[in-house]
Amino acid sequence: MFRHMTIVLAGLLLGFPALAGSEEDRRECAANQSQDDRIAACSRVLEDQGANTGLRTMAYRNRGIAYTGKKLFELAVFDFDEALKLSPQDSSSLANRGWALAQMGQHDRAIADYTEFLKLSPRSDRVRNNRALALLRKGDQAAALADFEEAIRVNPRYVPARNNRGLVLARQNKLDEAIAEYSEALKIDPEYLLAYNNRARAYEAKGDVQAALADFKQAAEREGLNRHDEDARAKATAKQQVERLTKAVAEGKAAPRPGAERRVALVIGNSAYAHAPALRNPVNDAKAFAAVLRAIGFTEVRELYDASLPTLGSTLKSFGDLAAGADWAVIYYAGHGIEVNGTNYLIPVDAILEQAAHVEDEAMPLSRLLSKVTAASKLQLVILDACRNNPFTGRMKRSGQAG
């Protein structure tokens with residue numbers, strides 16, 4: 001599990017009587033820990049026609065942060081937009097807008113905001129960690145890893161970046177390095193429950209069931225520091241895993257197995273199409289399938305969401321290298337697909353497809369996926385969960401039969 005960090009804490013909402021923006025309103029807008037009260041106070045500040053630019057920027061920013069706390073991300077982004085219109089270099093609004101956009105799945109916009117923030121404050125470990133998470137959601141492991149490492153260089157004691165770096169290393173099947181990173185995180189913060197769970201998964205992938213069980217028990221039994229409900233979720237997960245592994249050991253199903261099969265998978269979900277209607281299900285379906293693969297013992301499951309053609313191509317290339325050393329190789333794809341002249345293609349989210357003749361230039365042939373799994377020694381499998389309709393048909397200038 002990844003660790004997100006909000007950049008600034010301050011609260012905010014609607015539906016309160018509008019009063020003059022008093023000094024008390026300004027104080028509550030700046031520092032009140034109740035989100036609803038802060039929203040009310042900031043709204044009154046904004047209705048005060050005498051409020052200067054600095055006050056209005058503060059009010060929009062803090063109300064946006066409160067909306068974020070209430071998971072009202074669209075309202076939050078609107079307020080951060082208004083704050084940045086007034087003060088284009090308000091770094092807190094940039095960072096918090098990036099985080100809200102990331103929660104909405106708008107990773108390119110989030111990355112752009114984090115990048116602008118880092119131009120102003122290049123030594124921010126939290127924002128660099130958040131940008132890395134957005135890059136990872138897009139499937140760019142190399143760039144994400146570089147950002148996690150830079151966050152650690154800036155602040156060697158920044159535990160979330162160490163945990164997240166460990167996750168990337170585990171995805172690359174560098175399990176010993178991942179375990180070392182989780183261990184370093186736990187030296188710094190022994191109550192960081194996510195790192196226990198993640199280290200346990202790495203131990204289990206190596207076949208060290210007893211070490212995995214010990215770490216899951218640590219996460220289940222420790223108090224944690226109640227970080228944004230993350231500890232509660234980590235404890236609940238750990239308790240489930242303790243029960244699962246304890247039962248497996250008792251049944252003789254979880255003993256270390258020398259030479260156990262190496263199973264790898266690539267899971268792709270495309271929902272946010274730029275030039276076609278967005279799809280509701282593919283990303284959610286892909287995430288659920290990835291979880292199932294991990295649960296049944298796949299050594300490494302790489303995930304790629306809302307992939308452009310270049311990203312899809314580079315990810316397939318690296319997965320082909322991974323599959324070459326595996327017993328099982330599986331690729332799962334959910335999103336738009338198309339057939340042209342008897343050839344099947346997967347449609348990346350940046351495809352325009354103004355003509356049927358453009359398909360071979362803007363889409364990924366199914367044969368490319370098939371070629372990547374063939375390197376596995378025992379099982380080679382491609383699973384397609386593609387939509388059957390072609391949303392590009394209406395505007396295609398048909399120079400070939402598409403369907």
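Q: Which element gives the largest share of the lining of the second largest pocket?
A: Helix α15 does, with four residues. This is a predicted model, where local features need pLDDT of at least 70 and side-chain atom pairs pLDDT 80 or more, while totals for chains, interfaces and linings use all residues. Residues are numbered from 1 along each chain as its sequence is written, and side-chain values use heavy atoms, without hydrogens and water.

Q: Which residues are closest to the centre of that pocket?
A: Of the 14 lining residues, Gly 139, Asp 140, Gln 141, Ala 142 and Ser 318 are closest. By class, the lining has four nonpolar, seven polar and three charged residues. Here Ala, Val, Leu, Ile, Met, Phe, Trp, Tyr, Cys and Pro count as nonpolar, Asp, Glu, Lys and Arg as charged, and the others, Gly among them, as polar.

Q: Switching topic, is Tyr 182 buried or exposed?
A: Tyr 182 is buried, with a relative accessible area of 1% (buried is under 20%, exposed over 50%, with a 1.4 Å probe and protein chains only).

Q: Where is Tyr 182 placed?
A: Tyr 182 is in helix α10, residues 175–188 (helices are DSSP runs of H or I, at least four residues).

Q: And what does Tyr 182 touch?
A: Not counting residues up to four places away in sequence, Tyr 182 touches Asn 163, Gly 166, Leu 167, Ala 170, Ala 195, Asn 198, Arg 199 and Ala 202, where contact means heavy atoms within 4.5 Å.

Q: How far is Tyr 182 from Ala 200 in space?
A: They are 9.6 Å apart, C-alpha to C-alpha, and 18 residues apart in sequence.

Note on methods. Helices (H or I, at least four residues) and strands (E, at least two) are DSSP runs, numbered from the N terminus. On a 1 Å grid over the protein atoms alone, a cavity is a set of points where a 1.4 Å probe fits but cannot get out, and a pocket is an open set with protein on both sides within 12 Å along at least five of seven lines; lining residues have an atom within 4 Å of a point.
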